[in-house]
Amino acid sequence: YRTAFVRNIKRGVEAKKYDATMLSFNLEKIAEAIEPERDDLFKYIGIETLNDRYFVRVEGKLIETAQMMWMRIAMGLALNEKDKEARAVEFYNIMSLMRFIPSTPTLFHAGTKHPQLSSCYLNTVGDSLESIFKVYADNAQLSKWAGGIGTNWTSVRASGALVKKSGIKSNGLV
């Protein structure tokens with residue numbers, strides 16, 4: 001299990017699934033902290049959900065198990081820590097014992113080439129076509145990485161308000 005973890009981290013980096021900085025860890029040391037028996041904390045539907053949505057694959061083949069996924073996430077979260085191996089193990093223990101489970105974007109992206117970890121975004125639409133379409137474009141980019149989006153439309157003029165440039169009344173929000 002531990003040997004496979006080290007091999008699969010390297011394979012994931014080579015396949016450009018994982019960020020190359022993952023190789024800056026002492027992988028053998030990290031692998032020693034993995035506790036395979038913690039897979040037993042999952043029920044069938046939990047493992048199937050991870051398999052279906054969260055485990056990383058290379059050319060259609062799994063390179064993660066539940067404990068490997070937790071460690072990959074922990075490593076991704078610890079990349080900028082002073083003692084990153086110790087912090088990764090600490091993060092791993094918290095997650096693998098199911099004391100804390102991060103949100104979906106963190107599960108998807110920690111340790112990968114796109115390490116976006118935010119789960120929610122809030123934005124405000126200004127009262128202009130430029131602002132409206134910019135926010136639409138921004139939302140499209142944010143949603144492809146699994147973040148939730150909240151949009152504040154209160155600045156957009158109400159139905160019946162005069163649009164000075166065109167001299168017509170606004171339809172408001174549709």
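This is a predicted model: local features need pLDDT of at least 70, side-chain atom pairs count only at pLDDT 80 or more; totals for chains, interfaces and linings use all residues.
**Stop 1: helix α4**

Select residues 66–78, which form helix α4. At 1.5 Å a residue, the 13 residues of this helix should span 18 Å, and the C-alpha atoms at its ends are 18 Å apart, so expectation and model agree. Twelve of its 13 residues are buried, so α4 is largely enclosed by the rest of the structure. Among the buried residues of α4 are Ala66, Met69, Trp70, Ile73 and Ala78.

**Stop 2: Phe42 and Trp70**

A pair of aromatic rings is described by the distance of the centres and the angle of the planes. The count of aromatic pairs comes to four. One of them is formed by Phe42 and Trp70, whose ring centres are 6.3 Å apart with 15° between the planes. The pair counts as stacked because that angle is under 30 degrees. Where does each partner sit in the chain? Phe42 is in the loop between α2 (27–32) and α3 (44–54), while Trp70 belongs to α4. The two are 28 residues apart, and their pair links distant parts of the chain. Both Phe42 and Trp70 are buried.

**Stop 3**

Select Leu23, in the loop between α1 (2–14) and α2. Is Leu23 buried or exposed, or something in between? Its relative accessibility is 41%, so Leu23 counts as partly exposed.

Next, select Phe25 and Lys84. Lys84 lies over the face of Phe25, at 5.0 Å from the ring centre.

**Stop 4: an aromatic cluster**

Select Phe133, Tyr136 and Trp153. These three residues form one aromatic cluster.

**Stop 5: the largest pocket**

Rolling a probe the size of a water molecule over the atoms shows where empty space is left. The largest pocket in this model has a volume of about 570 Å³. To find it, select Asp127, Ser128, Leu129, Ile132 and Arg157, which are the closest to its centre of the 21 residues that line it.

Which element gives the most to the lining of the largest pocket? Helix α7 does, with five residues. Finally, colour the lining by residue type: ten of its residues are nonpolar, five are polar and six are charged.

Note on methods: Residues are numbered from 1 along each chain as its sequence is written. Side-chain values use heavy atoms; hydrogens and water are left out. Rings of Phe, Tyr and Trp (its six-membered ring) pair if their centres lie within 6.5 Å; planes under 30 degrees apart count as stacked, over 60 as edge-to-face and the rest as tilted. Helices (H or I, at least four residues) and strands (E, at least two) are DSSP runs, numbered from the N terminus. Buried means under 20% relative accessible area, exposed over 50%, partly exposed in between (1.4 Å probe, protein chains only). A charge sits over a ring if NZ of Lys or CZ of Arg is within 6 Å of the ring centre and within 35 degrees of the ring normal. On a 1 Å grid over the protein atoms alone, a cavity is a set of points where a 1.4 Å probe fits but cannot get out, and a pocket is an open set with protein on both sides within 12 Å along at least five of seven lines; lining residues have an atom within 4 Å of a point. Grid points are joined across faces, edges and corners, and a volume is the space filled by probe spheres set on the points. Ala, Val, Leu, Ile, Met, Phe, Trp, Tyr, Cys and Pro count as nonpolar, Asp, Glu, Lys and Arg as charged, and the others, Gly among them, as polar. The expected span of a helix is 1.5 Å times one less than its number of residues.
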